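I opened the notebook for this entry with the model on screen. My notes follow in the order I looked things up.

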Amino acid sequence: MTDEQTTPWRPTACILCECNCGIEVRLGGPQGRTFDRIRGDKAHPASQGYTCQKALRLDHYQNGPHRLTSPMRRRPDGTYEPVDWDTAIAEVAAGLARVRDTHGGKTIFYYGGGGQGNHLNGAYASATRAALGSKYRSNALAQEKTGEFWVNAKLLGGYTRGDYEHAEVVVFVGKNPWQSHSIPRARPTLKEIARDPNRSMVVLDPRTTETAELADHHLALRPGTDAWCLAALAAVLVQEDLLDRDWLAEHATGLDRLEPLLAAVDIDAYAAICDLDADLIRRTARRIAAASSVAVYEDLGVQMSLHSTLSSYLNKLLWVLTGNFANPGGHYVPTSIVNLAGGGSGGGGGGARAQDGGRDRRSPVAGARIISGLVPCNVIAEEILTDHPDRYRAMIIESANPAHSLADSPRMREAIEALEFTVVIDVAMTETAQLADYVLPAASQFEKWEATFFNFEFPHNYFHLRRPVLEPLPGTLPEPEIHARIVEALGALDALDLAPLAEAARHSRAAFGGRFLQLMGEHPEAAPLLSVILYRTLGPALPDGAASAALLWGAANRVAAQIRPSIERAGFEGEGAELAEALFDAILTHPSGVIFSVDEPADNWARVRTPNGLLNLDNAIMLDALAELAGARPPGGDPEFPLVLSAGERRSFTANTIFRSPEWRRRDRDGALRVSPADADALGLADGDRARITTQRGSAEVLVEISPMMRRGHIALPNGLGVTQTPDAASVGVAPNDLTSSDHRDPIAGTPYHKHVPARLEPISA
Ligand SMILES: Nc1nc2c(c(=O)[nH]1)N[C@H]1C(S)=C(S)[C@@H](COP(=O)(O)OP(=O)(O)OC[C@H]3O[C@@H](n4cnc5c(=O)[nH]c(N)nc54)[C@H](O)[C@@H]3O)O[C@H]1N2
Ligand SMILES: Nc1nc2c(c(=O)[nH]1)N[C@H]1C(S)=C(S)[C@@H](COP(=O)(O)OP(=O)(O)OC[C@H]3O[C@@H](n4cnc5c(=O)[nH]c(N)nc54)[C@H](O)[C@@H]3O)O[C@H]1N2
Ligand code: SF4
Ligand SMILES: [Mo]
């Protein structure tokens, strides 16, 4: 037999976007560590064999000069030296303990905890944070989704998604799923909708994206005017009496306060602000109202633009006012093994409400609203660069690159450098790692047990625990081990005798369960250390070295209690705790993922957590913002910055900063600035020219691509560019956040306006 026939295909998942499509990898190369071939995994419950072109390039993540193979310690001159793990852990624990003992644990800020497909690290980091008394944290969700979480918390007290696969009308608001995906098998699904004469696709995007090309109604609005456009769409529903009044009477409150505001909207005037034909808005609203089911997807085009939280509220009116919740093809509340939007409360989609506990928590220095437990990314630098006594003094940064991905990178770098102590846990010497006191090298996502918590499907929801496809690179460790060692070095487990628990785990899981409850009863103060306790006791008893999965035993017990009927419908059986054991076993033994819950439409209503169990339209802050819109100044009109830069567009070859090699991009290697033909003409720019872009914050030299996708006045740079493969290599392309400002943000959620950066462009004469 040839190697072709004998080398096994190993199931895992793509880690480049939140879809985490199942893939199979075949290893090769001299050390047997190269990803020779990659294909979609047909056994994966959500992706069913689908991948996009990016997954085939994953060897650039797994193998390359960017990989770290030793903990690194910063020398006084700013260079780094390798140190052994014992030294690194001891010094990291001592450095963090020093900050805690001097200034209090609440000055230790945690950032990150998972990228597009690796969420176990954040779950284990919660033990490290607890051991330190760290109170404040954030991650990328707080520069995109927190405005939507806040709106959802008021509207239904949970998270919600639409059934894009089956809805009669699908509306994409500032979302280009052809490139960015975020829904399983995005491209076949989009083509299917476009092909079906009975279904329609609506796209709100200034740009004629690949998705917009397939749309029945493309609302190519002026950038930053979505709030007016969405208000006008909702106003048509009211003014033409297209509301589902019976349904609303039964299922919603607050319509009496909202309706007069929408009745007063001057649709023609709003259409003019958006530079859209009012008739297109009217026809679109009528199509939405006529549909048997509607699903709306909002993403960065509005979440990172002007009036972003208001736009989140208004786009939800399109499906609420037309009665599209808990109906087939409409909106639903997904189950979750671990609830990301709600910060790990598990099951049932508790969402932002559960996290905030009803209180309006604020950040310690800027007093910014904390949503879903997350401090807005845009205030982090100002919470450090101040002499306020409560300022953050230390940071733990894991699986994220905030020195590159947050607004105003130069200021963010200054802030990290101003901290007394910083530790970064990453696979590479990133822009952020290059500022840290210690860098701890993680095993890659293909070298350890990993999982995504981006599980949002309905009625069948799935969970995929991935097995390692190869041994960790020597010198690296999986994050659960790193956190366990830090927690131990801090002495946080000293008062607990874990030996009997570990012994019970070797005996049986039933014995373990009993012992575990006993320990938690005796030591309730140890509950925040739960993940590491499970890892050290149950972990070693799990098959095939799956110690990192120990935490999922706790999660399985929680969801089995919270959503038992959904889990039973997925085919799991067992009295009491046995149901959780059956679920946990299935997770451990299905290397391509498992369907863990099957829902019924009525489950959605049970998961609505508003006080009266109804959808609540009466969000006072949003209603005020809607009323003020009529008199608000539309964007534009600054002669110094006549263009609008969309800083960070998703393209065929972008994937945040997960790939660091420029070679991975088969096209658009430099990440060109897209310019409309009309603007290029006016500026005297030709395709391939170099030009200088300037914003209020910065300036950069760019390569110009004349693109018919762009609307006049709108220019776009891709996300993820401007990184170096190794610190001494040259960076390729523009780092978008060298051009953005942190004070350019939403007044409610603090989310950045990355898609709406006033800019000007000048040719560079050769
Ligand atoms: N290829 C690829 N896919 C990815 C990623 C990646 O890096 N590369 N990243 C993943 C991540 S982390 C995320 S969050 C998602 C993001 O996914 P998307 O939100 O779909 O991505 P973007 O391209 O950033 O923005 C979407 C659209 O917003 C439009 N837009 C710009 N300004 C406006 C405006 O004022 N109004 C409206 N309505 N639209 C506007 C842009 O033209 C763009 O087409 O993608 C995920 N998928
Ligand atoms: N201007 C502008 N800025 C943006 C955006 C934009 O559109 N415009 N988009 C924003 C969005 S939506 C997002 S989601 C963020 C993304 O920005 P970040 O949240 O900062 O994350 P990534 O760029 O995805 O970087 C992930 C990091 O994880 C590391 N990593 C990979 N695998 C592992 C592992 O197994 N363990 C550990 N410990 N580390 C690992 C990678 O090396 C990388 O450093 O960027 C945001 N920034
Ligand atoms: S990038 Fe996203 S859509 Fe493409 S293969 Fe990977 S997970 Fe799937
Ligand atoms: Mo994102």
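This is a predicted model: local features need pLDDT of at least 70, side-chain atom pairs count only at pLDDT 80 or more; totals for chains, interfaces and linings use all residues.

The end C-alpha atoms of residues 7-66 lie 27 Å apart. The span is 7% helix and 30% strand.

**Ligand 1.** I next asked which residues are closest to ligand 1. They are Ser-180, Asp-205, Asp-226, Thr-654 and Lys-755, in a surround of 33 residues. A polar side-chain atom of Ser-180 lies 2.7 Å from an oxygen atom of ligand 1. Asn-176 uses a backbone N or O atom, 2.9 Å from an oxygen atom of the ligand. Arg-651 also uses a backbone N or O atom, here 2.8 Å from a nitrogen atom of ligand 1. The protein covers 99% of the 910 Å² of accessible area that ligand 1 has on its own.

I traced the shell back to secondary structure. α6 (177-180), α14 (300-303) and β23 (643-649) each supply at least two of its residues. β23 gives the most, with three residues.

**Ligand 2.** I repeated the search here. Ligand 2 is surrounded by 30 residues, and the closest are Asp-426, Glu-479, Ala-647, Arg-650 and Thr-657. A polar side-chain atom of Thr-657 lies 2.6 Å from an oxygen atom of ligand 2. A side-chain N or O atom of Ser-405 is 2.7 Å from an oxygen atom of the ligand. For Gln-445, a side-chain N or O atom is 3.1 Å from a nitrogen atom of ligand 2.

**Strand β23.** Is β23 buried or exposed? Seven of its seven residues are buried, so β23 is largely enclosed by the rest of the structure. I found three bridges to β28 (residues 757-763), running antiparallel. Val-644 has Pro-758 as its bridge partner in β28. With β27 (residues 714-718), β23 pairs in the parallel sense over five bridges. There Ser-646 stands opposite Ala-716.

**Seven-stranded sheet.** I read off the order as β5-β4-β17-β16-β15-β6-β7, an open sheet with mixed pairing. β5 (80-82) and β7 (137-138) stand at the edges; each has a single partner strand, so one side of each is left without a neighbour in the sheet. At the β7 end, two bridges join it to β6 (residues 108-112), in parallel. Tyr-111 has Ser-138 as its bridge partner in β7.

**Helices.** I checked the length of α23 (residues 550-562). At 1.5 Å a residue, its 13 residues should span 18 Å; the end C-alpha atoms are 19 Å apart, which agrees. Its buried residues include Leu-551, Leu-552, Trp-553 and Val-559.

Last, I looked at Tyr-535 in α22 (residues 530-537). Tyr-535 has a relative accessible area of 8% and is buried, the cut-off being under 20%. From Tyr-535 to His-218 I noted 317 residues in sequence and 51 Å in space, C-alpha to C-alpha.

Methods. Residues are numbered from 1 along each chain as its sequence is written. Chains are lettered from A and ligands numbered from 1 in the order in which they are written. Side-chain values use heavy atoms; hydrogens and water are left out. Helices (H or I, at least four residues) and strands (E, at least two) are DSSP runs, numbered from the N terminus. The expected span of a helix is 1.5 Å times one less than its number of residues. Buried means under 20% relative accessible area, exposed over 50%, partly exposed in between (1.4 Å probe, protein chains only). Two strands pair if DSSP finds at least two bridges between them. A residue is near a molecule or strand if one of its heavy atoms lies within 4 Å of it. A polar contact is a pair of N or O atoms within 3.5 Å; within protein, one must be able to donate a hydrogen and the other to accept it, and residues adjacent in sequence count only if both atoms are side-chain atoms. Accessible areas come from the Shrake-Rupley method with a 1.4 Å probe; for residues, only the protein chains shown count as cover.
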